[in-house]
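Visitor: Could we go through this model together, a piece at a time? I'd like to ask as we go.

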Amino acid sequence: MDWSEGAALVAASAVFGLVIGSFLNVVIHRLPIMLERNWRIECAELAGTPAPTFEPLSLVAPRSRCPHCGRPVAALENIPIVSYLLLGGKCRGCKKPIGLRYPLVEAVSGLLFAAAAWQFGFSLAAAGAMLFIAAMIALACIDFDTQLLPDDITLPLVWAGLLINLNGTFAPLSSAVLGAAAGYLALWSVYWLFRLATGKEGMGYGDFKLLAAIGAWFGWQSLPLVILLSSFVGAAVGLALIALARHGRNVPIPFGPYLAAAGVIALFWGPALNQAYLGFFQA
């Protein structure tokens, strides 16, 4: 692939990332609502009471609406980033502000998809990287909002990591299988040690599954670095929020966003960072 073909691939991937980012905003907003509705229906069935009824909702229907006035968003108002800028970050109907997260998710998706195309070229690795990036963005934002890491994303991601490594795309299959098991058991062990020592739950089961997914994608060798990076960043952000009085000491801070960020770092720079990490201790 020459330079012009590479540039075209990167540009096309960036546009594709913007479109996927727009869809991820829908997933981030709607999936927790859909899950909560399902849980309420299941609870009603177990209790033998009438199941609640809701307006139909899926990831594709109904059309996106303004969260303030409920006005449907027209197609021309839903162009990633461009529409936000043209509308001045406000709903055309009620003129109330549209959350900055929407264009940020689109921009981050576009940039990371372009980076994946640049690093991996036109290949299965690039396609896998884009799938992994999309899942990490969705999980990070959902966990930040709700402190949930939905099984609907984490469990398929584990299997996708194992399947994509059948031919060793990112890691040998044996390393990927061990990574999935070790990733889950590592945080599961921390959870139970913390619970036995304090009587409290230090993290959720979704964190175990997310680290298992990262291990399945990049092998067990990536796990020490991922845990170190996510713990360091999470601790730094948590202390900063407490110092700025944004969080009380007893208010839980989701760990998923930091695991997701560490997973993306492992995707792009994992082997190089692992070599530097191991070289530091061998020096």
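Visitor: How many of the residues of H4 are buried?
Guide: In H4, 17 of the 23 residues are buried, so that the helix is mostly covered; buried means under 20% relative accessible area, exposed over 50%, and partly exposed in between, with a 1.4 Å probe and protein chains only. Helices here are DSSP runs of H or I with at least four residues, numbered from the N terminus. This is a predicted model, in which local features need pLDDT of at least 70 and side-chain atom pairs count only at pLDDT 80 or more, while totals for chains, interfaces and linings use all residues. Residues are numbered from 1 along each chain as its sequence is written, and side-chain values use heavy atoms, with hydrogens and water left out.

Visitor: Which residues touch the most other members of the largest nonpolar core?
Guide: They are Phe 132, Met 136, Leu 157, Phe 170, Phe 218 and Leu 267, in a core of 58 residues, where a nonpolar core is a set of buried Ala, Val, Leu, Ile, Met, Phe, Trp, Tyr and Cys residues joined through side-chain atoms within 4.5 Å. H4 gives the most to this core, with 14 residues.

Visitor: And what is Met 136 in contact with, leaving aside neighbours within four places in sequence?
Guide: Met 136 is in contact with Leu 157, Leu 210, Ala 260 and Val 264, contact being heavy atoms within 4.5 Å.

Visitor: Which helices do the buried residues of H5 pack against?
Guide: They pack against H1, H4, H6 and H7, and the buried residues of H5 include Ile 153, Leu 157 and Val 158.

Visitor: How do the axes of H5 and H7 cross?
Guide: The axes come within 7 Å and cross at roughly 20 degrees, which makes H5 roughly parallel to H7. Axes are lines fitted to C-alpha atoms, for helices over the stretch in contact, with angles from 0 to 180 degrees between N-to-C directions; angles under 35 degrees count as roughly parallel, over 145 as roughly antiparallel, 65 to 115 as roughly perpendicular and the rest as oblique. Among the residues making the contact are Thr 154 and Gly 161 of H5, and Gly 206 and Ala 213 of H7.

Visitor: Changing topic, where is Pro 62?
Guide: Pro 62 lies in the loop between H1 and H2, and the peptide bond from Ala 61 to Pro 62 is cis, with omega near -5 degrees.

Visitor: What about the phi of Ile 81?
Guide: Ile 81 has a positive phi of about 65 degrees although it is not a glycine, and at 24% relative accessibility Ile 81 counts as partly exposed.

Key: Helices (H or I, at least four residues) and strands (E, at least two) are DSSP runs, numbered from the N terminus.
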